[in-house]
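Reader: I am new to this structure. Please show me how to read its features, one at a time.

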Amino acid sequence: MADLDWHAERSDLEGLVQLDRAPETHDIDLKAVRQYRQARVRAKMGDYGIDALILSDPVNIRYATGTRNMQVFSMRNAPSRYLLLTPNRSVLFEFTGCLHLGEGFETIDEVRPARTASFVAAGPHIAERERSWAAEMASLIRELTGMKDATVGLERLNAGTAIALRDAGFRIADAQEPVEMARAIKSPEEMKCVIASLRATEIGVGKLRDAIRPGLTEAELWSVLHKSVIEQNGDYIETRLLSAGARTNPWFQETSDNVIGANELIALDTDVVGCHGYYADFSRTFHAGPDRPSDVQRELYKTAHEQVHHNIDILHPGMTFREYADKAWNIPEKFYANRYYLSAHGCGMTGEYPYLYHHGDFPDAGYDGVVEPGMTLCVESYIGEEGAREGVKLEQQLLVTADGIQVLSRFPFEDDLLA
(Lines give C-alpha, C1' and ligand atoms only; values in the text may rest on other atoms or scores of the structure.)
Protein backbone atom coordinates (compact mmCIF):
# COMPACT_ATOMS: atom_id res chain seq x y z
CA MET A 1 0.00 0.00 0.00
CA ALA A 2 2.94 2.32 0.50
CA ASP A 3 3.44 2.69 -3.27
CA LEU A 4 0.07 4.40 -3.74
CA ASP A 5 -0.45 8.07 -2.94
CA TRP A 6 -3.98 8.43 -1.57
CA HIS A 7 -3.60 12.23 -1.77
CA ALA A 8 -2.71 12.31 -5.46
CA GLU A 9 -4.54 14.67 -7.76
CA ARG A 10 -5.32 11.78 -10.10
CA SER A 11 -4.56 8.14 -10.64
CA ASP A 12 -0.98 7.20 -11.44
CA LEU A 13 -2.19 5.36 -14.54
CA GLU A 14 -1.64 7.30 -17.73
CA GLY A 15 -4.25 7.84 -20.39
CA LEU A 16 -7.39 7.76 -18.27
CA VAL A 17 -8.53 11.04 -19.83
CA GLN A 18 -8.82 9.27 -23.18
CA LEU A 19 -12.04 7.83 -24.53
CA ASP A 20 -12.43 4.07 -24.92
CA ARG A 21 -11.54 4.43 -28.61
CA ALA A 22 -8.17 5.98 -27.73
CA PRO A 23 -4.85 4.44 -28.74
CA GLU A 24 -3.27 2.00 -26.33
CA THR A 25 -2.59 3.60 -22.96
CA HIS A 26 -0.49 2.30 -20.11
CA ASP A 27 -0.04 -0.99 -21.94
CA ILE A 28 -3.80 -1.54 -22.39
CA ASP A 29 -4.64 -2.80 -25.87
CA LEU A 30 -8.20 -1.50 -26.04
CA LYS A 31 -8.75 -2.97 -29.49
CA ALA A 32 -7.90 -6.41 -28.13
CA VAL A 33 -10.29 -5.82 -25.21
CA ARG A 34 -13.14 -4.96 -27.57
CA GLN A 35 -12.45 -7.88 -29.88
CA TYR A 36 -12.26 -10.35 -26.99
CA ARG A 37 -15.58 -9.17 -25.57
CA GLN A 38 -17.41 -9.29 -28.89
CA ALA A 39 -16.03 -12.76 -29.56
CA ARG A 40 -17.29 -13.87 -26.13
CA VAL A 41 -20.80 -12.68 -26.96
CA ARG A 42 -20.79 -14.38 -30.35
CA ALA A 43 -19.50 -17.62 -28.83
CA LYS A 44 -22.33 -17.61 -26.28
CA MET A 45 -24.85 -16.87 -29.02
CA GLY A 46 -23.66 -20.08 -30.64
CA ASP A 47 -23.82 -21.99 -27.37
CA TYR A 48 -27.42 -20.91 -26.76
CA GLY A 49 -28.61 -21.28 -30.35
CA ILE A 50 -29.21 -17.55 -30.95
CA ASP A 51 -28.99 -16.43 -34.58
CA ALA A 52 -29.35 -12.69 -33.98
CA LEU A 53 -29.03 -10.62 -30.84
CA ILE A 54 -30.63 -7.22 -30.22
CA LEU A 55 -29.00 -5.38 -27.31
CA SER A 56 -30.52 -2.23 -25.83
CA ASP A 57 -28.86 -2.13 -22.41
CA PRO A 58 -26.10 0.49 -22.86
CA VAL A 59 -23.73 -1.47 -20.63
CA ASN A 60 -24.13 -4.55 -22.82
CA ILE A 61 -23.76 -2.49 -26.01
CA ARG A 62 -20.54 -1.10 -24.58
CA TYR A 63 -19.36 -4.59 -23.66
CA ALA A 64 -20.06 -5.94 -27.14
CA THR A 65 -18.66 -2.98 -29.11
CA GLY A 66 -16.76 -0.54 -26.87
CA THR A 67 -19.11 2.30 -27.89
CA ARG A 68 -20.67 4.58 -25.31
CA ASN A 69 -23.23 7.36 -25.51
CA MET A 70 -25.36 8.93 -22.78
CA GLN A 71 -25.30 5.71 -20.79
CA VAL A 72 -27.65 6.74 -17.97
CA PHE A 73 -30.09 8.43 -20.37
CA SER A 74 -30.12 5.33 -22.57
CA MET A 75 -31.01 3.11 -19.62
CA ARG A 76 -34.19 5.09 -19.02
CA ASN A 77 -35.12 5.76 -22.63
CA ALA A 78 -34.77 2.35 -24.24
CA PRO A 79 -34.59 1.60 -27.02
CA SER A 80 -33.01 4.93 -28.00
CA ARG A 81 -29.85 3.20 -29.25
CA TYR A 82 -29.48 -0.50 -29.87
CA LEU A 83 -27.21 -3.09 -31.45
CA LEU A 84 -28.02 -5.91 -33.85
CA LEU A 85 -25.36 -8.60 -33.67
CA THR A 86 -25.21 -11.71 -35.84
CA PRO A 87 -22.35 -14.19 -36.24
CA ASN A 88 -20.96 -12.09 -39.10
CA ARG A 89 -22.34 -8.56 -38.81
CA SER A 90 -22.59 -5.82 -36.18
CA VAL A 91 -25.01 -2.97 -36.85
CA LEU A 92 -25.25 -0.14 -34.31
CA PHE A 93 -28.40 1.96 -34.33
CA GLU A 94 -27.24 5.20 -32.73
CA PHE A 95 -29.26 8.02 -31.17
CA THR A 96 -30.35 10.93 -33.38
CA GLY A 97 -27.42 13.16 -34.31
CA CYS A 98 -24.87 10.80 -32.74
CA LEU A 99 -23.90 8.48 -35.59
CA HIS A 100 -20.32 9.78 -35.50
CA LEU A 101 -19.83 8.20 -32.07
CA GLY A 102 -19.97 4.71 -33.58
CA GLU A 103 -17.55 5.36 -36.41
CA GLY A 104 -14.04 3.93 -36.50
CA PHE A 105 -14.64 0.90 -34.27
CA GLU A 106 -13.52 -2.45 -35.61
CA THR A 107 -16.46 -3.97 -33.69
CA ILE A 108 -19.03 -2.04 -35.77
CA ASP A 109 -19.69 -2.86 -39.43
CA GLU A 110 -22.37 -0.21 -39.95
CA VAL A 111 -23.96 2.68 -38.06
CA ARG A 112 -27.58 3.57 -38.72
CA PRO A 113 -29.91 6.12 -37.06
CA ALA A 114 -32.03 4.60 -34.30
CA ARG A 115 -35.82 4.73 -34.39
CA THR A 116 -36.88 5.29 -30.81
CA ALA A 117 -39.84 3.02 -30.09
CA SER A 118 -40.92 4.51 -26.77
CA PHE A 119 -44.13 6.22 -25.70
CA VAL A 120 -42.22 9.41 -24.93
CA ALA A 121 -41.03 9.56 -28.53
CA ALA A 122 -44.16 8.26 -30.28
CA GLY A 123 -46.99 9.31 -27.98
CA PRO A 124 -50.37 7.85 -28.99
CA HIS A 125 -48.75 6.37 -32.12
CA ILE A 126 -46.63 4.00 -30.02
CA ALA A 127 -48.26 0.78 -31.26
CA GLU A 128 -47.76 1.80 -34.88
CA ARG A 129 -44.16 2.80 -34.13
CA GLU A 130 -43.46 -0.55 -32.48
CA ARG A 131 -44.84 -2.49 -35.45
CA SER A 132 -42.84 -0.37 -37.89
CA TRP A 133 -39.69 -0.81 -35.77
CA ALA A 134 -40.17 -4.58 -35.69
CA ALA A 135 -40.83 -4.77 -39.44
CA GLU A 136 -37.61 -2.91 -40.22
CA MET A 137 -35.63 -5.09 -37.84
CA ALA A 138 -37.22 -8.28 -39.18
CA SER A 139 -36.21 -7.38 -42.72
CA LEU A 140 -32.62 -6.74 -41.67
CA ILE A 141 -32.38 -9.92 -39.59
CA ARG A 142 -33.58 -12.00 -42.55
CA GLU A 143 -31.13 -10.25 -44.85
CA LEU A 144 -28.16 -10.85 -42.53
CA THR A 145 -29.01 -14.40 -41.41
CA GLY A 146 -30.77 -15.75 -44.49
CA MET A 147 -33.37 -17.24 -42.14
CA LYS A 148 -37.11 -16.59 -42.02
CA ASP A 149 -37.55 -18.09 -38.55
CA ALA A 150 -34.29 -17.09 -36.84
CA THR A 151 -33.96 -17.32 -33.07
CA VAL A 152 -33.62 -13.73 -31.89
CA GLY A 153 -32.27 -12.85 -28.43
CA LEU A 154 -33.90 -9.77 -26.88
CA GLU A 155 -33.41 -7.65 -23.78
CA ARG A 156 -35.17 -4.58 -22.34
CA LEU A 157 -37.44 -3.86 -25.27
CA ASN A 158 -41.06 -2.74 -25.17
CA ALA A 159 -43.48 -5.64 -25.01
CA GLY A 160 -45.06 -4.44 -28.25
CA THR A 161 -41.82 -4.71 -30.22
CA ALA A 162 -41.10 -8.18 -28.87
CA ILE A 163 -44.62 -9.36 -29.70
CA ALA A 164 -44.36 -7.90 -33.20
CA LEU A 165 -41.06 -9.71 -33.81
CA ARG A 166 -42.61 -12.96 -32.64
CA ASP A 167 -45.61 -12.39 -34.90
CA ALA A 168 -43.17 -11.86 -37.80
CA GLY A 169 -42.21 -15.51 -37.45
CA PHE A 170 -39.08 -15.35 -35.27
CA ARG A 171 -38.38 -17.52 -32.25
CA ILE A 172 -37.77 -15.14 -29.34
CA ALA A 173 -35.19 -15.93 -26.66
CA ASP A 174 -34.08 -14.05 -23.54
CA ALA A 175 -30.65 -12.53 -24.09
CA GLN A 176 -29.79 -12.20 -20.40
CA GLU A 177 -28.18 -15.59 -19.84
CA PRO A 178 -25.80 -15.69 -22.82
CA VAL A 179 -24.70 -12.09 -22.31
CA GLU A 180 -24.13 -12.52 -18.57
CA MET A 181 -22.19 -15.73 -19.16
CA ALA A 182 -20.06 -13.96 -21.76
CA ARG A 183 -19.27 -11.07 -19.42
CA ALA A 184 -18.38 -13.32 -16.49
CA ILE A 185 -14.88 -14.30 -17.72
CA LYS A 186 -12.35 -11.50 -18.14
CA SER A 187 -9.27 -11.58 -20.33
CA PRO A 188 -5.86 -10.46 -18.96
CA GLU A 189 -6.12 -7.32 -21.12
CA GLU A 190 -9.61 -6.65 -19.79
CA MET A 191 -8.29 -6.92 -16.23
CA LYS A 192 -6.00 -3.97 -16.92
CA CYS A 193 -9.14 -1.89 -17.45
CA VAL A 194 -10.66 -3.23 -14.23
CA ILE A 195 -7.53 -2.30 -12.27
CA ALA A 196 -7.30 1.14 -13.90
CA SER A 197 -10.84 1.89 -12.75
CA LEU A 198 -10.20 0.50 -9.29
CA ARG A 199 -7.01 2.49 -8.74
CA ALA A 200 -8.64 5.72 -9.86
CA THR A 201 -11.55 5.07 -7.49
CA GLU A 202 -9.16 4.41 -4.62
CA ILE A 203 -7.68 7.85 -5.21
CA GLY A 204 -11.16 9.30 -4.85
CA VAL A 205 -11.89 7.35 -1.67
CA GLY A 206 -8.59 8.58 -0.25
CA LYS A 207 -9.69 12.17 -0.85
CA LEU A 208 -13.05 11.41 0.73
CA ARG A 209 -11.39 9.92 3.80
CA ASP A 210 -9.16 13.00 4.17
CA ALA A 211 -12.23 15.26 3.98
CA ILE A 212 -14.11 13.60 6.83
CA ARG A 213 -15.01 15.93 9.70
CA PRO A 214 -18.04 16.34 11.94
CA GLY A 215 -20.35 19.04 10.64
CA LEU A 216 -20.25 18.01 6.96
CA THR A 217 -23.40 16.58 5.46
CA GLU A 218 -23.31 13.12 3.97
CA ALA A 219 -23.92 14.63 0.53
CA GLU A 220 -21.01 17.07 0.89
CA LEU A 221 -18.68 14.22 1.78
CA TRP A 222 -19.99 11.90 -0.95
CA SER A 223 -19.46 14.64 -3.55
CA VAL A 224 -15.70 14.49 -2.91
CA LEU A 225 -15.62 10.98 -4.37
CA HIS A 226 -17.88 11.93 -7.25
CA LYS A 227 -15.67 14.89 -8.19
CA SER A 228 -12.55 12.76 -8.20
CA VAL A 229 -14.18 10.01 -10.29
CA ILE A 230 -15.27 12.49 -12.95
CA GLU A 231 -11.90 14.27 -12.98
CA GLN A 232 -10.27 10.96 -13.87
CA ASN A 233 -12.73 10.26 -16.71
CA GLY A 234 -14.79 7.76 -14.76
CA ASP A 235 -18.40 7.67 -15.88
CA TYR A 236 -20.68 7.88 -12.85
CA ILE A 237 -21.53 6.38 -9.47
CA GLU A 238 -24.33 3.86 -9.75
CA THR A 239 -25.76 4.26 -6.23
CA ARG A 240 -25.82 6.80 -3.37
CA LEU A 241 -24.49 4.60 -0.59
CA LEU A 242 -22.72 6.79 1.93
CA SER A 243 -24.37 7.23 5.33
CA ALA A 244 -23.32 8.20 8.83
CA GLY A 245 -24.26 7.49 12.44
CA ALA A 246 -27.73 6.07 12.97
CA ARG A 247 -28.25 6.06 9.20
CA THR A 248 -25.68 3.28 8.83
CA ASN A 249 -28.14 0.80 10.38
CA PRO A 250 -29.90 -0.76 8.59
CA TRP A 251 -27.90 -0.54 5.37
CA PHE A 252 -29.23 0.90 2.08
CA GLN A 253 -30.12 4.35 3.39
CA GLU A 254 -29.22 6.68 0.54
CA THR A 255 -26.89 9.66 0.97
CA SER A 256 -28.78 12.66 2.37
CA ASP A 257 -28.30 16.07 3.95
CA ASN A 258 -27.84 14.42 7.33
CA VAL A 259 -25.05 16.16 9.27
CA ILE A 260 -22.18 13.90 10.36
CA GLY A 261 -21.75 13.98 14.11
CA ALA A 262 -18.67 13.64 16.29
CA ASN A 263 -17.34 10.09 16.68
CA GLU A 264 -19.90 8.58 14.30
CA LEU A 265 -19.23 5.78 11.84
CA ILE A 266 -19.40 6.62 8.13
CA ALA A 267 -20.07 3.71 5.78
CA LEU A 268 -19.43 3.80 2.03
CA ASP A 269 -19.99 1.47 -0.94
CA THR A 270 -18.22 2.88 -4.01
CA ASP A 271 -20.29 1.36 -6.86
CA VAL A 272 -18.28 3.40 -9.37
CA VAL A 273 -18.66 2.87 -13.12
CA GLY A 274 -15.19 4.19 -13.76
CA CYS A 275 -12.40 4.23 -16.30
CA HIS A 276 -13.15 2.36 -19.55
CA GLY A 277 -16.63 1.65 -18.17
CA TYR A 278 -15.47 -0.86 -15.55
CA TYR A 279 -16.96 -1.23 -12.09
CA ALA A 280 -14.84 -0.40 -9.05
CA ASP A 281 -16.73 -1.88 -6.14
CA PHE A 282 -15.37 -1.96 -2.62
CA SER A 283 -16.76 -0.80 0.72
CA ARG A 284 -15.13 0.87 3.68
CA THR A 285 -16.32 2.26 7.01
CA PHE A 286 -14.59 5.22 8.67
CA HIS A 287 -14.74 6.97 12.05
CA ALA A 288 -15.43 10.69 12.21
CA GLY A 289 -13.39 11.40 15.36
CA PRO A 290 -12.13 13.34 17.19
CA ASP A 291 -12.04 10.64 19.90
CA ARG A 292 -11.12 7.01 19.47
CA PRO A 293 -13.79 4.53 18.32
CA SER A 294 -15.91 2.94 21.01
CA ASP A 295 -15.73 -0.73 21.94
CA VAL A 296 -19.05 -1.33 20.19
CA GLN A 297 -17.81 0.30 16.98
CA ARG A 298 -14.64 -1.78 17.03
CA GLU A 299 -16.61 -4.99 17.60
CA LEU A 300 -18.80 -4.24 14.58
CA TYR A 301 -15.80 -3.45 12.40
CA LYS A 302 -13.73 -6.47 13.43
CA THR A 303 -16.72 -8.77 12.91
CA ALA A 304 -17.26 -7.47 9.36
CA HIS A 305 -13.52 -7.72 8.68
CA GLU A 306 -13.55 -11.34 9.84
CA GLN A 307 -16.48 -12.22 7.60
CA VAL A 308 -14.90 -10.74 4.48
CA HIS A 309 -11.53 -12.39 5.01
CA HIS A 310 -12.94 -15.78 5.96
CA ASN A 311 -14.98 -15.86 2.77
CA ILE A 312 -12.04 -14.76 0.62
CA ASP A 313 -9.91 -17.50 2.18
CA ILE A 314 -12.34 -20.29 1.31
CA LEU A 315 -12.76 -19.26 -2.35
CA HIS A 316 -10.90 -21.20 -5.01
CA PRO A 317 -11.32 -22.01 -8.72
CA GLY A 318 -13.53 -25.02 -9.30
CA MET A 319 -15.59 -24.40 -6.16
CA THR A 320 -19.33 -24.74 -6.65
CA PHE A 321 -21.68 -22.00 -5.49
CA ARG A 322 -23.37 -24.49 -3.17
CA GLU A 323 -20.02 -25.50 -1.67
CA TYR A 324 -19.21 -21.83 -1.08
CA ALA A 325 -22.53 -21.29 0.73
CA ASP A 326 -21.88 -24.32 2.94
CA LYS A 327 -18.38 -23.12 3.90
CA ALA A 328 -19.09 -19.40 4.17
CA TRP A 329 -18.76 -17.57 7.48
CA ASN A 330 -21.65 -18.11 9.86
CA ILE A 331 -23.25 -14.77 10.69
CA PRO A 332 -23.88 -14.40 14.45
CA GLU A 333 -27.57 -14.52 15.30
CA LYS A 334 -27.71 -10.94 16.58
CA PHE A 335 -26.51 -9.64 13.19
CA TYR A 336 -28.43 -12.06 10.98
CA ALA A 337 -31.64 -10.06 10.48
CA ASN A 338 -29.76 -7.10 8.99
CA ARG A 339 -27.27 -9.16 6.95
CA TYR A 340 -26.27 -8.06 3.47
CA TYR A 341 -28.51 -9.80 0.93
CA LEU A 342 -25.51 -11.45 -0.79
CA SER A 343 -22.29 -13.02 0.37
CA ALA A 344 -20.47 -12.21 -2.89
CA HIS A 345 -21.25 -11.21 -6.48
CA GLY A 346 -19.68 -10.95 -9.90
CA CYS A 347 -18.25 -7.63 -11.04
CA GLY A 348 -17.30 -6.32 -14.48
CA MET A 349 -18.84 -3.29 -16.13
CA THR A 350 -21.48 -3.41 -13.37
CA GLY A 351 -22.43 -5.88 -10.70
CA GLU A 352 -23.10 -9.11 -12.58
CA TYR A 353 -23.33 -12.91 -12.55
CA PRO A 354 -22.80 -14.83 -10.35
CA TYR A 355 -24.58 -14.14 -7.08
CA LEU A 356 -23.21 -16.18 -4.17
CA TYR A 357 -25.66 -16.46 -1.29
CA HIS A 358 -25.36 -17.00 2.44
CA HIS A 359 -25.89 -20.54 3.68
CA GLY A 360 -29.28 -19.67 5.19
CA ASP A 361 -30.52 -18.00 2.01
CA PHE A 362 -29.30 -20.63 -0.45
CA PRO A 363 -32.36 -22.94 -0.27
CA ASP A 364 -34.73 -20.15 -1.35
CA ALA A 365 -32.55 -17.81 -3.41
CA GLY A 366 -29.41 -19.66 -4.40
CA TYR A 367 -28.45 -21.48 -7.57
CA ASP A 368 -25.48 -23.65 -8.37
CA GLY A 369 -22.57 -23.00 -10.70
CA VAL A 370 -18.78 -23.03 -10.64
CA VAL A 371 -16.27 -20.36 -9.59
CA GLU A 372 -14.04 -20.08 -12.66
CA PRO A 373 -10.67 -18.47 -13.43
CA GLY A 374 -11.24 -15.07 -15.00
CA MET A 375 -14.19 -14.18 -12.77
CA THR A 376 -13.97 -10.98 -10.78
CA LEU A 377 -15.92 -11.17 -7.53
CA CYS A 378 -16.77 -8.80 -4.70
CA VAL A 379 -16.99 -10.32 -1.22
CA GLU A 380 -19.48 -8.44 0.96
CA SER A 381 -20.20 -7.86 4.63
CA TYR A 382 -22.69 -5.73 6.48
CA ILE A 383 -22.73 -6.06 10.26
CA GLY A 384 -25.39 -4.20 12.21
CA GLU A 385 -27.57 -5.48 15.04
CA GLU A 386 -31.30 -5.08 14.54
CA GLY A 387 -32.48 -2.12 16.60
CA ALA A 388 -28.94 -0.93 17.39
CA ARG A 389 -27.57 2.47 16.39
CA GLU A 390 -24.74 1.84 13.89
CA GLY A 391 -23.45 -0.72 11.41
CA VAL A 392 -20.33 -1.45 9.36
CA LYS A 393 -20.06 -2.13 5.63
CA LEU A 394 -16.89 -3.73 4.19
CA GLU A 395 -16.22 -5.29 0.79
CA GLN A 396 -13.24 -6.45 -1.25
CA GLN A 397 -12.91 -6.88 -5.01
CA LEU A 398 -10.86 -9.85 -6.25
CA LEU A 399 -9.88 -11.92 -9.26
CA VAL A 400 -10.15 -15.69 -9.51
CA THR A 401 -7.03 -17.12 -11.18
CA ALA A 402 -6.07 -20.65 -12.13
CA ASP A 403 -3.88 -20.74 -9.01
CA GLY A 404 -6.23 -19.16 -6.48
CA ILE A 405 -7.48 -15.73 -5.49
CA GLN A 406 -5.87 -12.33 -6.12
CA VAL A 407 -7.28 -9.48 -4.03
CA LEU A 408 -7.53 -6.37 -6.23
CA SER A 409 -8.71 -3.80 -3.67
CA ARG A 410 -5.70 -2.02 -2.17
CA PHE A 411 -7.34 0.67 -0.09
CA PRO A 412 -6.36 0.08 3.55
CA PHE A 413 -8.64 -0.88 6.39
CA GLU A 414 -8.87 1.32 9.50
CA ASP A 415 -6.25 0.50 12.12
CA ASP A 416 -8.09 2.34 14.90
CA LEU A 417 -11.23 0.29 14.26
CA LEU A 418 -9.27 -2.98 14.16
CA ALA A 419 -7.31 -2.25 17.35
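Author: We take a domain record, a pocket and a helix in turn. Keep in mind that this is a predicted model.

Reader: What does UniProt list for residues 37-184?

Author: An unreviewed UniProt entry gives "domain: Creatinase N-terminal" for that stretch. Over residues 37-184 the chain is 45% helix and 17% strand. The end C-alpha atoms of this stretch are 10 Å apart.

Reader: Now the pocket. How do I read one, and what is the volume of the largest pocket?

Author: Rolling a probe the size of a water molecule over the atoms shows where empty space is left. Here the largest pocket has a volume of about 650 Å³. Its lining has 31 residues, and the closest to the centre are Glu180, Thr350, Gly351, Glu352 and Tyr355.

Reader: Which elements give two or more residues to that lining?

Author: They are α2 (58-65), α7 (176-183) and β14 (351-356). Helix α7 gives the most, with five residues. By class, the lining has 13 charged, twelve nonpolar and six polar residues.

Reader: Next, helix α9. How far does α9 reach from its first C-alpha to its last?

Author: Compare the reach with the span expected at 1.5 Å a residue. Helix α9 covers residues 218-231, 14 residues, and reaches 20 Å, close to the 20 Å expected.

Reader: Which residues of α9 are buried, and what covers them?

Author: Buried means under 20% relative accessible area. In α9 these are Glu218, Leu221, Trp222, Leu225, Ser228 and Val229. Their cover includes α8 (188-211), β7 (236-237) and β9 (265-269). Just after α9, asparagine 233 takes a positive phi of about 65°.

How values were computed:
Residues numbered from 1 in each chain as written. Predicted model: local features only at pLDDT ≥ 70, side-chain atom pairs only at ≥ 80, totals over all residues. Heavy atoms only, no water. UniProt positions renumbered as here; feature names shortened; annotations may be inferred. Helix = DSSP H or I, 4+ residues; strand = E, 2+ residues; numbered from the N terminus. 1 Å grid on protein atoms, 1.4 Å probe; cavity = no way out; pocket = protein on both sides within 12 Å on 5 of 7 lines; lining within 4 Å. Points joined across faces, edges and corners; volume = space filled by probe spheres on them. Nonpolar A, V, L, I, M, F, W, Y, C, P; charged D, E, K, R; others polar. Expected span 1.5 Å × (residues − 1). Buried < 20%, exposed > 50% of the residue type's maximum accessible area, 1.4 Å probe, protein only. Contact = heavy atoms within 4.5 Å.
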